[in-house]
Amino acid sequence: MKEKNWYTWSLFIIGSSSTLYMFFHILNVNQWIELLIILLFLIFLDIFPIKLPSGDFYNAGTICFLYILFEFDWTAGVLAFFLSTLTYNLTVFPFQQIFQSIYWFRFFVTVGMYSTCGFVTELMIGATERLPFILRIFLAICTFEFTNQLLYSGILRTALGVPIFHNFKAKLQEYVIPILGAIVVLPKLLSPQNVQELAIEVLYASFFLAIIIFFSKKYIEQTFLRQDMSREIVRLLESRIASRITGHGTRVGAICEALLETFEYPKHRRSDLVQIAIMHDIGKSFLPSYVFEKRGALTLSEEKEYKSHCQKGADIIKAIYPKGPFADWVLHHHERWDGKGFPQGLKGESIPLESRILAICNQLDHLMMRHQNDATVYQLLQELAGTALDPHLVQKIDVDLIAEIRAAVGFKDYVAKQEESTALEIDRNVEEKQHIGESVLLRYTDRLINDTNLQLPEEKISELARFSKESAQKFHEFIELTDKTYEAYFSPYDKEVFIFVHDLTPMLEFKKKTMLQILQSYQDVIRTLSNNKIHLYVQEQELFDDLGDYIASMPINNVNDVPRSRAFVSQYLSNYHIVKSKMQVLLAVSEATTNLVKHATEGEISVFFKNNLFQVLITDKGSGIPLHELPKTILVSGYSSKRSLGKGFSLMSTFSERVAVYTSSEGTKILLEFACQPNVKNNDSEQENNHNVFNTLTS
């Protein structure tokens, strides 16, 4: 990157000379009050920019520049350019360190660029005096923006080697909004005859732009919220797969965001590609963890299983984003430029551009995690160009850019965390070996011969061994005691029976602990996806602990009980001042009971009251809901499957204050909570009587 070259030095000289000229001649400007009003308006626009569809920020300051060029002269325009550039730096750097932090070379290059645009635009304004006023404004704004883009392209050409007219058409299309804004706002600002009218028009324009700024800010917040949610989901899934890959999706997304400007990727699609970069390896969550934890080369079957994560990830992305090419980007992110990649062996430019970008981001993450020297990373990346990676894209990356990415992403912190998690993983592997349990080989003749120190249920083993000897049958049996579980294999031979006994207790306890951790991971995913509105219970007792005073219940056996369940709940609603409308409550209840009838054989609906919350509990005795269905049910609009909560789940969560779910192989429990107005209680005596019934029911 040659930042200081003949072209940028020329702009620097123009900027510094224009600033000096302005300071010596600005006192000749008349109508200072009008100028100050417009300069304050300019500073407001610089501090609060507008979000463009491309993803860039536009501060609408061009409107003020043009006003000054129409009403005053180029000298006042240079003052506006200087203040605008200074305001931008004030928003970037702390005020106390502003003069130490500003890169003055770039500062005056920017002033020089805008001063040149202003000079050319003033010539256009003078040459079009006889044309209609609207046409003059249109030509002025087009001249200013076109000159600005041409000068900026010159900087990219001399500093980075980017062709002058590269992607020029797409960049010009972005000026539709600035041009329309100037045509709408500028005539109103130029029409006033005195200071008071100008101040009113500026306030009106500020109000109009404030609305646009507000909605652009909301747009940004929604974009960031979607990306933050994706990062959290992917992080949770990565940590569940293997601790050493945790954070990979987040880093690839950050690398992608840093490279897209260098790659000159269309701005209006950048947020989508960054989003997919974060989620590009989501298919790995469907693979067994041993594929990622294994030390050494994978077997052929394991390699095939690993390669399937591209297709699995594409299927997930297709379910989340059914429209658009996003699934193809994920499907082909392991293709190689030389055609030796997977899953389809695409070659060269037949690989989607986005997949080629993801491949570079992926490789950069792996290289920067392994190597702390940026020159080494650069050299290794160059070696992959033309074989694994697109050489045209790789040649746009230099050592300085790699250093900037490392600083922005914070690889040092990730490396430290990886080393720490690797140590924990080793400890966990040692710990897991302690959960295998002991095994012993016994003999039975006329009695059981136990030469070990293991405490075994000898009476039960002897009984089974005697049966094996008398029937001459081989079999195995589980022996379950209060605090122990054994698996015993009986094999009769001649007049003896050989018995292999394995203690399953440690393994079952470890499995229970692992399942609990998996449930907690899903609990985190559900909480993140729903912004804490939907809760997944890990243990059934947690649900019972959250219930208030029992009111009543009724059984649900078939579809005819769905309207009866609505009538059942409706008769108690009149006793409580529920914030939601009665129709919303009944609709949520109806969806829950319909789900019960569809996916289970029998169940029950009960109502409770606790701390100004009206609670409706729907329970069934079905086979439970697979945990992997829950995130998809919440994330994918309208998603439904034979064993999921169905499309009505979104209605339940919308119309209730909170939805809580407990599911297991023995059935599912859904708790809907509806807020009541404070200090509203049901008849105390009735609740006391019903509470006794509930205690009997749960026990």
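Predicted model: local features only at pLDDT ≥ 70, side-chain atom pairs only at ≥ 80, totals over all residues.

Reader: Where does T485 lie, and with which residues is T485 in contact once its neighbours within four places in sequence are left aside?

Author: Helices (H or I, at least four residues) and strands (E, at least two) are DSSP runs, numbered from the N terminus, and T485 lies in strand β6. Contact means heavy atoms within 4.5 Å; leaving aside the neighbours within four places in sequence, T485 is in contact with I479, E480, H502, D503, L504, T505 and L508.

Reader: How would the reading go for S84, which lies in helix α4?

Author: S84, in a helix that spans residues 74–92, has a relative accessible area of 9% and is therefore buried. With neighbours within four places in sequence set aside, S84 is in contact with L42, D46 and F65. F65 is itself one of the buried residues of α3, a list that also has G61, T62, I63, C64, L66, Y67, I68, L69 and F70. Because 10 of the 11 residues of helix α3 (residues 61–71) are buried, that helix is largely enclosed by the rest of the structure.

Reader: At what angle do helix α1 and helix α6 pack?

Author: Axes are lines fitted to C-alpha atoms, for helices over the stretch in contact, and angles run from 0 to 180 degrees between N-to-C directions. Helix α1 (residues 6–25) and helix α6 (residues 104–127) pack at an angle of about 75 degrees, and their axes are 7 Å apart. That makes α1 roughly perpendicular to α6, since angles under 35 degrees count as roughly parallel, over 145 as roughly antiparallel, 65 to 115 as roughly perpendicular and the rest as oblique. On the α1 side the contact includes W9, L11, F12 and I14, and on the α6 side it includes W104, F105, F108 and M113. By class, this contact has 10 nonpolar, eight polar and no charged residues, where Ala, Val, Leu, Ile, Met, Phe, Trp, Tyr, Cys and Pro count as nonpolar, Asp, Glu, Lys and Arg as charged, and the others, Gly among them, as polar.

Reader: Turning to sheets, what is the order of the strands in the open sheet of five strands?

Author: Strands of a sheet pair through backbone hydrogen bonds, either parallel or antiparallel. Two strands pair if DSSP finds at least two bridges between them. The open sheet of five strands has the order β4-β3-β7-β6-β5, with antiparallel pairing, and its edge strands, β4 (448–449) and β5 (475–480), each pair on one side only. Six bridges join β5 to strand β6 (residues 485–493) in the antiparallel sense, and H476 has Y489 of β6 as its bridge partner. Helix α22 (residues 458–471) lies across β3, β4, β5, β6 and β7, running at about 160 degrees to β5.

Reader: Which strands are at the edges of the open sheet of six strands?

Author: This sheet has the order β8-β12-β13-β11-β10-β9, with mixed pairing; the edge strands are β8 (534–536) and β9 (549–556), each pairing on one side only. The twist averages 15 degrees from one strand to the next. β8 pairs with strand β12 (residues 658–664) in the parallel sense over three bridges, and H535 has A660 as its bridge partner in β12.

Reader: Why is β10 described as largely enclosed by the rest of the structure?

Author: Six of the eight residues of β10 are buried, so that strand is largely enclosed. Eight bridges join β10 to β11, which run antiparallel, and in their hairpin, which has two residues between the strands, N611 takes a positive phi near 50 degrees. Helix α25 (residues 561–573) lies across β9, β10 and β11.

Note on methods. Residues numbered from 1 in each chain as written. Heavy atoms only, no water. Buried < 20%, exposed > 50% of the residue type's maximum accessible area, 1.4 Å probe, protein only.
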